[in-house]
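This report walks through a two-chain complex. Please keep the coordinates open while reading.

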Amino acid sequence: MCPNVETKPGFGRFPPGQARGIVRCGGVLKAGTREQFAEALIAHLPALRRYAMALVGNASGADDLVQDCIERALRQYEDLRDRQRIGGWLRSILHNLYIDELRRRRSRGVEEDITNLIDDGAPSVSAGDPGSFRDFVAAMNTLSVEHRQILLLVGLEGLNYREISEELKVPLGTVMSRLARARERLRASLEAPGSMAPNVATLMAHRRSER
Amino acid sequence: MSPHPDIRDEDLHAFIDGELDTARNAEIADAARDDAALMDQIAAFRADKAMLAEVYAPLIDRPLPAEWLKQIRGEDRRRRNPWWAPITAIAASIVLLIAGLSTYRGLPANGEESIVREALAARSDMLEANKVVVVASPSEAGNVNHILAAALRMRVKAPDLSRMGYKLETVHVYGNVPGGESVELRYRDAKSRDFALYVRHPSSGVRFDQYRSAGLRVCIWQDDVLGTVMTGPISAAEMQRLASLAYTGLES
């Protein structure tokens, strides 16, 4: 129990009697009540699920992972020291679970290739070449988890290097070198024979034609 | 690898991501203007970064499974329980265990969840079957449908789950359950995973639910006419598709 607890008015929108307010403990903004945590968790679920799908590369595996992540987050929500960081906290849980999962090599369900979802659900797909999208996902899936993770944090989650360094608990230099290696491997995979992913010239020409 | 001798790979990517200070940023921009290979390299990495966002970003719009939201909000209620809640939970578990054992022994059990207990008991071969039919080939479908219809006393047929890679392996018929007899259709896929479809007359109202229990995905789908429980070591997404196929496939 924190010896220096101070309560402040809550996050709002909660029924009387439930709102316990922000709890400040040793200068750190804590996660608030369980109800507030639940709402924050729900708000972050779409992004978490997207991240999981991109990381795992198939939808059913990603959904299992997110469900495990929800269970663990609900059990450990009191460990979240700063509610503002819930996104990174959830991604860390999910990533750890994924690593455990890979180690255990637990049998998975029939994998629904993520490219099926992209074909079904992505409004932007019609503008592009489904073959290219498929090859891009396939190329991503050839990378190590570490490389996929860092590419997604930069390119999908929009984190800057310092934020990534804090989330992964690695030095800034490691973030930069890991990202460089990841991008080079991805490019090499995309340029491998048989890939339908567009080469640079095609992509640039496509983008120019869109302008 | 950076084609320019004075530019480290790390700096090149930091340039692409706008992470460099103004002076170093200007140096690389100047170098790229004079070096076509460097310019192409930067364009390639920028294109890959853009492609990544284009491919994955729309996945955020997919609707969330209702089960997750229920789980999160349901967990809230559970955690608000008072200090004596664990004692009550243990007592309730003992009652459920006794009720479950009664069911396994073939005694009729009322209540909404009895069908699930039966299905799980059947799956683990703890229910004694009146009849077991091993399905050797798809040509026996007519025979299986006849067994199913006779046991349930209604026009139903064994669903064809081959589209999902599952082949019907066995049919178990059980007696002494609510509504008379029940049937378990057990399917297997190429990875030797068993998907069990337990069918009988419903013991309660319309219900659809899906959750995970002891390593199995469990789906209850019940209407006024049929009660079904589907179980398998599969993901929620796969269960969703299999359940749809199985439930609609029961219609004769």
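Predicted model: local features only at pLDDT ≥ 70, side-chain atom pairs only at ≥ 80, totals over all residues.

## Chain B: make-up and confidence

Chain B contains 8 helices and 7 strands. Chain B has a mean pLDDT of 80, and 83% of its residues reach 70 or more. Within chain B, helix α1 (residues 9-16) has the highest confidence, at a mean of 95. Helix α5 (residues 85-104) of chain B has the lowest, at 45.

Two stretches of chain B call for a separate mention. Over residues 75-85 of chain B, pLDDT stays under 50, and the model has 5 contacts for them beyond four places in sequence. Residues 92-112 of chain B also have pLDDT below 50, with 20 contacts in the model beyond near neighbours in sequence. For the complex, the predictor gives an ipTM of 0.73 and a pTM of 0.53.

Of the 252 residues in chain B, 33% are buried. Among contacts in chain B with a separation of 6 or more, 52% come from residues 24 or more positions apart.

## The sheet of chain B

Seven strands of chain B form an open sheet with antiparallel pairing, in the order β1-β2-β3-β4-β7-β6-β5. Which strands stand at the edges? They are β1 (131-134) and β5 (207-213) of chain B. Each has a single partner strand, so one side of each lacks a neighbour in the sheet. On average, neighbouring strands of this sheet are turned by 15° against each other, direction ignored.

Strands of a sheet pair through backbone hydrogen bonds, either parallel or antiparallel.

| Strand pair | Bridges | Direction |
|---|---|---|
| β2(B) and β3(B) | 8 bridges | antiparallel |
| β3(B) and β4(B) | 6 bridges | antiparallel |
| β5(B) and β6(B) | 7 bridges | antiparallel |

B:Lys167 has B:Arg188 of β3(B) as its bridge partner. B:Tyr187 stands opposite B:Phe195 in β4(B). B:Tyr211 is bridged to B:Val218 in β6(B).

The hairpin of β3(B) and β4(B) has 5 residues between the strands. In that hairpin, B:Ser192 takes a positive phi near 60°.

## Helices and core

Helix α8 (residues 236-249) of chain B has 14 residues, which should span 20 Å at 1.5 Å a residue. Its end C-alpha atoms are 19 Å apart, which agrees. Which residues of α8(B) are buried? They are B:Ala236, B:Ala237, B:Glu238, B:Met239, B:Leu242, B:Ala243, B:Ala246 and B:Tyr247. An α-helix has 3.6 residues a turn, so residues three or four places apart point the same way.

Leaving aside neighbours within four places in sequence, B:Met230 is in contact with B:Met239, B:Leu242, B:Ala243 and B:Ala246, among others. Its contacts also include B:Phe195, B:Ala196, B:Leu197 and B:Cys219.

The largest nonpolar core has 102 residues. Within it, A:Ala52, A:Cys69, A:Leu94 and B:Met230 touch the most other members. Helix α1 (residues 34-56) of chain A gives the most to this core, with 10 residues.

## Chain A and the interface

Chain A has 9 helices and 3 strands. From the N terminus on, its elements run β-β-β-α-α-α-α-α-α-α-α-α. Of its 211 residues, 37% count as buried. Among contacts in chain A between residues at least 6 apart in sequence, 58% join residues at least 24 apart.

Conventions:
Residues numbered from 1 in each chain as written. Chains lettered and ligands numbered in written order. Pairing = 2+ DSSP bridges. Helix = DSSP H or I, 4+ residues; strand = E, 2+ residues; numbered from the N terminus. Axes fitted to C-alpha atoms, helices over the stretch in contact; angles between N-to-C directions. Buried ≥ 20, exposed ≤ 12 C-beta atoms within 10 Å, placed from the backbone. Contact = placed C-beta atoms within 7 Å. pLDDT = per-residue confidence, 0-100. Expected span 1.5 Å × (residues − 1). Core = buried A, V, L, I, M, F, W, Y, C linked by C-beta atoms within 7 Å.
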